[in-house]
Amino acid sequence: MRRFEKAAEDFRRSTELDNKFVLGYLQYTVALYRMGDANSSMAGLRKTIEMFPTRSEPLSYYAELLLDTQMYADAIEKFDRVIKLERAGKPPINGIPIMNKALTASPREEFCRRL
């Protein structure tokens, strides 16, 4: 656990050094989540989404967290927003949100049987 605490502190500090670097915020929230603090991680992601409204990465991380916490309908809605942001940007688009949405939207029991 100590490694994640150190990582969280390092990434928090990176956001102070460069408050325009989205990945510092994202990795900070990942470290919080890995430490078991899902609530702070989600709050951090929501703040990051507000700070970077035209970037798809914060919303994608948030959708993945919703997926991981089995909030499927919310995750699908967020993946839809990520896909719209990706399509509005310059090519190439990131296909991972499309795959994540497809996996989330498919019936989980049938998906597991196909594995």
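I take exposed as over 50% relative accessible area, buried as under 20% and partly exposed as in between, with a 1.4 Å probe and protein chains only. Helices are DSSP runs of H or I with at least four residues, numbered from the N terminus.

The model is predicted, so I note that local features need pLDDT of at least 70 and side-chain atom pairs pLDDT 80 or more, while totals for chains, interfaces and linings use all residues. Residues are numbered from 1 along each chain as its sequence is written, and side-chain values use heavy atoms, without hydrogens and water.

I then listed the buried residues of H5: Ala75, Lys78, Phe79, Val82, Ile83 and Glu86. Seen down the helix axis, they fall within an arc of 150° and so line one face of H5; the arc is taken from the directions from the axis to the C-beta atoms. Helix H4 (56–68) and helix H6 (96–105) are among what covers them.

Of its 15 residues, Met42, Leu45, Tyr62 and Leu66 touch the most other members. H4 gives the most to this core, with five residues.

Finally I checked Leu66: beyond its neighbours within four places in sequence, Leu66 is in contact with Met42, Met71, Asp74, Ala75 and Lys78, contact meaning heavy atoms within 4.5 Å.

Methods:
Helix = DSSP H or I, 4+ residues; strand = E, 2+ residues; numbered from the N terminus. Core = buried A, V, L, I, M, F, W, Y, C linked by side-chain atoms within 4.5 Å.
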